[in-house]
2 protein chains.
Amino acid sequence: MKTTLREHIAEIVSFSDEEFVYISSHFHYKKMKKNQFIIQAGQQKVNKYFVIKGILKSYYIDKDDREHIIQFAQPDWWITDYNAFFNNKVATINVQCITDCELLYISHDDLEKLSGEFHKMEHFFRVKSNAGYVASQERILTMLNLTAIERFNNFISLYPNLIQSIPKYLIASYIGVSREMLSRLSKNVTNHTK
Amino acid sequence: MKTTLREHIAEIVSFSDEEFVYISSHFHYKKMKKNQFIIQAGQQKVNKYFVIKGILKSYYIDKDDREHIIQFAQPDWWITDYNAFFNNKVATINVQCITDCELLYISHDDLEKLSGEFHKMEHFFRVKSNAGYVASQERILTMLNLTAIERFNNFISLYPNLIQSIPKYLIASYIGVSREMLSRLSKNVTNHTK
């Protein structure tokens, strides 16, 4: 599965060829290998990444060295450390490639510049922020409210592609159950492991 | 504590008096009593509320009738069912006044109309969505990562005003501990109850 930035933006707003050439000149291409990092905790400046190909995870490492998954990203999605990106702060989380990835990234300054130059780009990024905000609120509700089996089923319905392509222990971390519990939950749903 | 919409918007973008008269004509004033609802689960259309005065909570009632707090709001904050508002869906959560409140609200259509008519309003609402997105991601991290005492201290530092003005059982629900546990956590921090 592979997607283009132009198709992705055109779902919300459209630009002429000339405008799009100018807009896309603010994005930069990056090819990354499985396990490589695009953001590491402590980093001074972070970019925002659009996924063309591959799967990534953002996660936080706590003081006991446990990994807490915040978000997965697949083609057509955006990923970054949102607090660091929007507020120009030092990164507190990591974003790592789960598979080989192809990405486009934009800096904070260039995103703000494009949003200022094109009302339509400001609209596009507002729609994306709204969607991210809603998804985060849904996740909070999921964490407060659903049982382990409900969280697992919810994960499958939200991310049908991911369930086949990421290691089970990451799904267990995301939905907040032990690996053993996840095996029990998933044994009737899927028989692929990775 | 009381705030005005104009001061609030002017923190991010500025408008002439004429522009602001036009913009504010899309907002409507509502005075509500303690315990009244501004949004109820099942409602067809929801508005977005700006708090002039008072404190509100948004919460979800699960199938076992337990209340899960999603967000509090105090003067200068916005509150709604974000999924219902942004995606024009039926409300799944409730928003209720904890104290007597004064509010300004705007409909989804009017927010989109103003965002289309004024690039600066689109920018304003994007900045607000970014802030909401970041706050939600921080809350997810808090839930995944912090102990009860850390969540309590985090709550105090994020919401110093709220700790004095809302019932303790709501704080317990928000940070995900029992009421008894909260009493133990708070006995050295505060001696006011309500």
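Student: Where in chain A is Phe15(A) found?
Tutor: Start with the secondary structure on either side. Phe15(A) sits in the loop that joins helix 1 (5-10) to helix 2 (17-24) of chain A. Keep in mind that this is a predicted model.

Student: Is Phe15(A) buried or exposed?
Tutor: Look at the relative accessible area. Under 20% means buried. Phe15(A) has 10%, so it is buried.

Student: Which residues does Phe15(A) touch?
Tutor: Leave out residues up to four places away in sequence. Then Phe15(A) touches Arg6(A), Ile9(A), Phe20(A), Ile23(A), Phe118(A), Lys120(A) and Met121(A). Asp100(A) is another matter: its C-alpha atom is 30 Å from that of Phe15(A), and the two residues are 85 apart along the chain.

Student: What feature does UniProt place at residues 30-114 of chain A?
Tutor: Treat a record as a label, then check the model. The unreviewed UniProt entry gives "domain: Cyclic nucleotide-binding" for this span. In the model, residues 30-114 are 15% helix and 44% strand. The end C-alpha atoms of the span lie 20 Å apart.

Student: How many helices and strands does chain A have?
Tutor: Chain A has nine helices and eight strands. Next, compare its radius of gyration with the globule rule. The value is 18 Å, close to the 16 Å that the rule gives for 194 residues, so chain A is as compact as a globular protein of that length. Its C-alpha atoms fill a box of roughly 55 × 35 × 35 Å along the principal axes.

Student: What share of chain A is buried?
Tutor: Of its 194 residues, 52% count as buried. For the surface, chain A exposes about 9100 Å², and carbon and sulfur atoms supply 50% of that.

Student: Why is helix 8 of chain A called largely enclosed?
Tutor: Count its buried residues. Six of the eight residues in helix 8 (residues 168-175) are buried, so the rest of the structure largely encloses this helix. They are Lys168(A), Leu170(A), Ile171(A), Ala172(A), Tyr174(A) and Ile175(A).

Student: What do those buried residues pack against?
Tutor: Their partners in chain A include strand 4 (56-61), strand 5 (67-73) and helix 5 (119-145). Helix 6 (148-158), helix 7 (162-165) and helix 9 (179-186) are also among them. After helix 8 comes Gly176(A), with a positive phi near 80°.

Student: Which residue other than glycine has a positive phi near 65°?
Tutor: Check the residue type along with the angle. Asp65(B) has that value. Asp65(B) lies in the loop between strand 4 (56-61) and strand 5 (67-73) of chain B, and counts as exposed at 65% relative accessibility. Asp76(B) is not a glycine either, and its phi is positive, about 90°. Asp76(B) is in the loop between strand 5 and strand 6 (78-79) of chain B. With a relative accessible area of 23%, Asp76(B) is partly exposed.

Student: What does Glu122(B) touch?
Tutor: Read the chain letter after each name. Glu122(B) belongs to helix 5 (residues 119-145) of chain B. Its relative accessible area is 2%, so Glu122(B) is buried. Not counting residues up to four places away in sequence, Glu122(B) touches His119(A), Glu122(A), His123(A) and Arg126(A), along with Ser115(B) and Gly116(B).

Definitions and conventions:
Residues numbered from 1 in each chain as written. Chains lettered and ligands numbered in written order. Predicted model: local features only at pLDDT ≥ 70, side-chain atom pairs only at ≥ 80, totals over all residues. Heavy atoms only, no water. Helix = DSSP H or I, 4+ residues; strand = E, 2+ residues; numbered from the N terminus. Buried < 20%, exposed > 50% of the residue type's maximum accessible area, 1.4 Å probe, protein only. Contact = heavy atoms within 4.5 Å. UniProt positions renumbered as here; feature names shortened; annotations may be inferred. Rg over C-alpha atoms; globule rule 2.2 N^0.38 Å. Areas by Shrake-Rupley, 256 points an atom, 1.4 Å probe, with all protein chains shown as cover.
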